[in-house]
Amino acid sequence: MPAVRLNTKRVEKPWGRTTLWPGFDNVADGGKPVGEVWFEVPGRQDFVAGSPDLLIKYLFTSDKLSVQVHPDDARAQKKGMPRGKSEAWVILDAEPQASIALGTTRVMDKDELRKSAEDGSIEQLLDWKPVKKDDSLGCPAGTIHAIGPGLTLIEVQQNSDTTYRLYDYGSGRELHLDDGVEASDPVPYVAPYKPHDAEPGREILDDGPAFVLERWTEAGKGALKGDGRPVWLVPIAGEGRIDGETLKAGEAWLVDDGRAELELGEGMDLVVAYPRTGVIDGLWAKA
């Protein structure tokens, strides 16, 4: 099956921005800020059984996102959802002092977590980690987290829209304390995976259990061989070609069967993701 260019959906958010990122049009004068751009498979419904395993987004932040958590597969499936939501981020740009909260500063029990969410002290109990351009972070399901302002990032996640808000800085938006506390692992964050280079120009950023996340920066031409797994390609910069079509920043592509002809030009910077654990050796067989 040939590679498919994914449709984009701009999502307005109060914490979003009007100035976005190369490859995306800025918001028109007087328009509402855009916080997310989603990449969706044409004609295929998201968030249901049989939908694609992964969802790719860009995020543009000017304010803090809510303190939140996502359920794992087992908890989600008990509630009739097809999957939970683990995610990972690639930081494209970060203002000075930008940070992301991951985990708590100490081990907490569920009663203490709920009380801290109710009285707002949870914000001070989060581990706010400074981030910079080109950092990558994995956020397994169950990890309490919050994304701070001044960030542009790519988010790769399991294809689920289940988010439990624990705290939202007094905004008045609905919270989900029963489900959120039950789904949370209120412990200090330990990075689930240490990035490493698999080969020149191919960095492995995250490996499972829900998906593998890579970043490619070497030019070349050859065959993509996904070992039966679908592969998502997200160009950050530069240009290339996939199955004869132009590949450029601001797009995302899905190769359903993992097989395509791929050519990356000089200066190409590409995020690559595919479901399940286990790095695919020889994913790009260069000519």
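Figure 1. Arginine 165 lies in strand S12 (residues 164–167); strands are DSSP runs of E with at least two residues, numbered from the N terminus. The structure is a predicted model, in which local features need pLDDT of at least 70 and side-chain atom pairs count only at pLDDT 80 or more, while totals for chains, interfaces and linings use all residues. Residues are numbered from 1 along each chain as its sequence is written, and side-chain values use heavy atoms, with hydrogens and water left out. Arginine 165 is buried (under 20% relative accessible area, 1.4 Å probe, protein chains only). It has no salt bridge (a side-chain nitrogen of Lys or Arg within 4 Å of a carboxyl oxygen of Asp or Glu); aspartate 168, the nearest side chain of opposite charge, is 4.9 Å away. The side chain of arginine 165 does reach the backbone oxygen of glutamate 174, at 2.8 Å.

**Figure 2. The aromatic pair of phenylalanine 24 and tyrosine 58.** The ring centres of phenylalanine 24 and tyrosine 58 are 4.7 Å apart and the planes stand at 70 degrees, so the pair is edge-to-face (centres within 6.5 Å, planes over 60 degrees apart; under 30 is stacked and the rest tilted). Phenylalanine 24 belongs to the loop between strand S2 (7–17) and strand S3 (34–40), whereas tyrosine 58 is in strand S4 (residues 54–61), 34 residues apart.

**Figure 3. Tyrosine 58 with phenylalanine 60.** These two rings are stacked, at 6.2 Å centre to centre with 20 degrees between the planes. Both tyrosine 58 and phenylalanine 60 are buried. Ring pairs join Phe24, Phe39, Tyr58 and Phe60 into a cluster.

Note on methods
Helix = DSSP H or I, 4+ residues; strand = E, 2+ residues; numbered from the N terminus. Buried < 20%, exposed > 50% of the residue type's maximum accessible area, 1.4 Å probe, protein only. Lys, Arg positive; Asp, Glu negative; His and termini not counted. Polar contact = N/O pair within 3.5 Å; in protein donor to acceptor, adjacent residues only side chain to side chain. Phe/Tyr/Trp six-rings, centres within 6.5 Å; stacked < 30°, edge-to-face > 60°.
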